Amino acid sequence: EPAPAAPPVENAPAPEARIGSRLAGVERRLDATLDAMEARVQDLAARAGLPGAPDELKQAVAGLLPAVKARLSGALDLVRLLEPAERLDRHGMDERFAERLAPLVELAYASWWRVEVREIEQVPAAGPAIVVANHAGSAPWEAFVLRHALRRDHPARRDLRPLLDDAACDLRVIGPAAIRSGSVRAGPEAAEQLLRDGGAVAVFPEGSAVARKPWRARYRILHFGRGGFVKLALRTGAPIVPCAIVGCEEAVPPISRTGWLAERLGLPILAASPTLRFAPAGLLPLPSRWSLRFGAPIEVREHGPEAASRPELIAALADRARAALQGMLDEDVAARRSVYL
């Protein structure tokens, strides 16, 4: 004789109710975090000694937080980011992860940094292209922004694959998120394959070493690599498109940079010590206003692939790209009216 069925458990919450309860908890924690963010951001600016920055940040954050809360109201997308990878391409991108991260990138792009894009059509609508941009700090925020800009604002909705050095890729959380959402660990083979497939890549010749650049040298290109991106362009026939990013330097708190204390106290001797900085602060981006401006492409097809072995030509093309990028940075920094508003 079969055993009698166990009586149903009364008042057991349905799975949907349990998920809803967990998501409500996530949303409450998000609200608490965002409510505390204004004070933290203002404290960073005050400690860094940026003239007028605390007042600017107070106004900027007061206007931005409501938009941030509204965009993060769907906490389910945040929870789903923690799911294991479904399928990775040869460079480590997870299409599902990239799709679910997109709303958060859009939040940073449109509401936190309020990115303004100009002349993005300078990037060819099809075929290989190399976007060469400046970089600030160790966290690859520019990689997220550039990739999103090409997919969102370019007439052809181009899929840009930023190339990141090992230091950026190995950052905890941010590095793996960048790779899973479309960035690529820099290497000549991976980059050349992407370009020969007709894709667009972004390079940051300054590398993660730029995080050690003194605060007073922001928007000054002190190191521009060894011309690797020029060799790639020559071998694949890809045009080089300079892109000036203004706002990224101020998104990195000055206290994370070498020389900030020396400038604050007026003691240049302290600028030589890289220990007088708080590097982890660079992982909390400030709500600076960003602008992206793309310059005229530098064509290299006329030189042919064999020119990739000519050091003098490589140096000349790298200097040309550097000069174009520095010129746009100088113009855009001088023209902007406010850093945070």
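Is Asp-89 buried, partly exposed or exposed? Asp-89 is partly exposed, with a relative accessible area of 30%; buried means under 20% relative accessible area, exposed over 50%, and partly exposed in between, with a 1.4 Å probe and protein chains only. The structure is a predicted model, in which local features need pLDDT of at least 70 and side-chain atom pairs count only at pLDDT 80 or more, while totals for chains, interfaces and linings use all residues. Residues are numbered from 1 along each chain as its sequence is written, and side-chain values use heavy atoms, with hydrogens and water left out.

**The chain as a whole**

- The chain contains twelve helices and seven strands; helices (H or I, at least four residues) and strands (E, at least two) are DSSP runs, numbered from the N terminus.
- Of the 341 residues of the chain, 50% count as buried.
- Among contacts with a separation of 6 or more, 79% join residues 24 or more positions apart, where contact means heavy atoms within 4.5 Å.

**Helix H4**

- H4 has 18 residues and covers residues 95-112.
- From its first C-alpha to its last, H4 reaches 24 Å, close to the 26 Å expected at 1.5 Å a residue; the expected span is 1.5 Å times one less than the number of residues.
- At Ala-102, H4 bends by about 40°, and a proline, Pro-103, follows within four residues; the bend at a residue is the angle between axes fitted to the seven residues ending there and the seven starting there.
- The buried residues of H4 are Phe-97, Ala-98, Leu-101, Val-105, Glu-106, Leu-107, Tyr-109, Ser-111 and Trp-112.

**Packing of H4 with H5**

- H4 packs with helix H5 (residues 141-153) at an angle of about 95°, and their axes are 10 Å apart; axes are lines fitted to C-alpha atoms, for helices over the stretch in contact, and angles run from 0 to 180 degrees between N-to-C directions.
- That angle makes H4 roughly perpendicular to H5; angles under 35 degrees count as roughly parallel, over 145 as roughly antiparallel, 65 to 115 as roughly perpendicular and the rest as oblique.
- On the H4 side, Leu-101, Ala-102, Val-105, Glu-106, Tyr-109 and Ala-110 meet Phe-144, Val-145, His-148, Ala-149, Arg-152 and Asp-153 of H5.
- By class, this contact of H4 with H5 has eight nonpolar, one polar and three charged residues; Ala, Val, Leu, Ile, Met, Phe, Trp, Tyr, Cys and Pro count as nonpolar, Asp, Glu, Lys and Arg as charged, and the others, Gly among them, as polar.

- Asp-89 lies in the loop between helix H3 (75-80) and H4.
- Asp-89 and Gly-182 are 93 residues apart in sequence, and their C-alpha atoms are 9.5 Å apart in space.
- Ser-181 is found in the loop between helix H7 (174-180) and strand E4 (184-185).
- Ser-181 is buried, with a relative accessible area of 10%.
- Apart from neighbours within four places in sequence, Ser-181 is in contact with Met-93, Phe-97, Ala-98, Leu-101, Phe-144 and Arg-147.

**Helix H8**

- In helix H8 (residues 188-196), the buried residues are Ala-190, Ala-191, Glu-192, Leu-194 and Leu-195.
- The elements that cover these buried residues include strand E2 (129-133), strand E3 (160-164), E4, strand E5 (200-203) and helix H9 (228-236).
- Just after H8, Gly-198 takes a positive phi of about 85°.

- H9 and helix H12 (residues 311-335) pack at an angle of about 110°, with their axes 9 Å apart.
- H9 and H12 are therefore roughly perpendicular to each other.
- Phe-229, Val-230, Lys-231 and Leu-234 of H9 make the contact with Leu-313, Ile-314, Leu-317, Ala-318 and Ala-321 of H12.
- By class, the contact of H9 with H12 has eight nonpolar, no polar and one charged residues.
- Ile-298, in the loop between strand E7 (291-294) and H12, is buried, with a relative accessible area of 4%.
- Leaving aside neighbours within four places in sequence, Ile-298 is in contact with Pro-239, Ile-240, Leu-317, Arg-320 and Ala-321.

- Most residues other than glycine have a negative phi.
- Arg-114, in the loop between H4 and strand E1 (116-118), has a positive phi of about 50° although it is not a glycine.
- Tyr-219, in the loop between E5 and H9, has a positive phi near 65° and is likewise not a glycine.
- Arg-114 is buried at a relative accessible area of 14%, and Tyr-219 counts as buried at 5% relative accessibility.
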